[in-house]
Amino acid sequence: MLVLVSIAAVAWFANRTTINGYAMTGASYAARVGCSCVYIGGRDVGDCAKDKVAGMEMIRLSADPAAKSVTATFPLVASQTATYREGYGCVLEEWQD
C-alpha cells in the first residue's frame, strides 16, 4: 500500500502544473456558469449544479447571496469565484498563481 501511495505522490508531483491548470480552468468555468445560472437565470445553486459537463463531478458550487457570487471548488487544488455585476453579468476574480 505504501508503494502505491508513493507512486501516486510522485506522479502527482511530476504533473502538478498540468493538474493545477486543469483544476483552475474547470473551477473558473463552473463558477462563471453557476453564477449566470443563479443570478441571471434565477435558479437555485443546487439545480445549477446539475448542468455541469462530464468530467466536472468533483467540482462543488456554493452561492453567497449577499455578495451575489458563486464559488466553485475543486477539493484541495483550486477555487474560483464569479460575482454578478449589474451591466457586466458574471465576472471572474483574477487568477492567483
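**View 1. Ala31 is a buried residue of helix α2****.** In this predicted model, Ala31 has a relative accessible area of 0%, where buried means under 20%, exposed over 50% and partly exposed in between (1.4 Å probe, protein chains only). Ala31 belongs to helix α2; helices (H or I, at least four residues) and strands (E, at least two) are DSSP runs, numbered from the N terminus. Leaving aside residues up to four places away in sequence, Ala31 touches Val70, Ala72, Gln80, Thr81, Ala82 and Leu92, a contact being heavy atoms within 4.5 Å. Gly42 is 11 residues from Ala31 in sequence, and their C-alpha atoms are 15 Å apart. Residues are numbered from 1 along each chain as its sequence is written, and side-chain values use heavy atoms, without hydrogens or water. Because the model is predicted, local features need pLDDT of at least 70 and side-chain atom pairs count only at pLDDT 80 or more, while totals for chains, interfaces and linings use all residues.

**View 2. The largest nonpolar core has 15 residues****.** Such a core is a set of buried Ala, Val, Leu, Ile, Met, Phe, Trp, Tyr and Cys residues joined through side-chain atoms within 4.5 Å. Ala30, Cys35, Ile59, Leu61, Val70 and Ala72 have the most contacts inside this core. Two or more residues each come from α2, β2 and β3 (78-85), and the largest share, 6 residues, is from α2. Take a look at Val70: among its contacts, not counting residues up to four places away in sequence, are Ala31, Gly34, Cys35, Leu61 and Ala82.

**View 3. Strands β1 and β2 form a hairpin****.** Strand β1 (residues 60-64) and strand β2 (residues 69-74) pair in the antiparallel sense over 5 bridges; two strands count as paired if DSSP finds at least two bridges between them. Leu61 has Ala72 of β2 as its bridge partner. Between the two strands lie 4 residues, and Lys68 in the turn has a positive phi of about 50°. Lys68 is partly exposed, with a relative accessible area of 40%.

**View 4. Leu76 has a positive phi although it is not a glycine****.** Its phi is about 65°. Leu76 sits in the loop between β2 and β3. Here the side of the story told by accessibility is plain: Leu76 is exposed, with a relative accessible area of 91%.

**View 5. The largest cavity holds about 80 Å³ of space****.** A cavity is a set of points, on a 1 Å grid over the protein atoms alone, where a 1.4 Å probe fits but cannot get out, and lining residues have an atom within 4 Å of a point. Grid points are joined across faces, edges and corners, and the volume is the space filled by probe spheres set on the points. By this rule there is 1 cavity of 30 Å³ or more. The lining consists of Tyr29, Ala30, Val33, Gly34, Cys37, Cys48, Asp51, Lys52, Met56 and Leu61. Helix α2 (residues 16-39) gives the most to this lining, with 5 residues. By class there are 7 nonpolar, 1 polar and 2 charged lining residues; Ala, Val, Leu, Ile, Met, Phe, Trp, Tyr, Cys and Pro count as nonpolar, Asp, Glu, Lys and Arg as charged, and the others, Gly among them, as polar.

Conventions:
1 Å grid on protein atoms, 1.4 Å probe; cavity = no way out; pocket = protein on both sides within 12 Å on 5 of 7 lines; lining within 4 Å.
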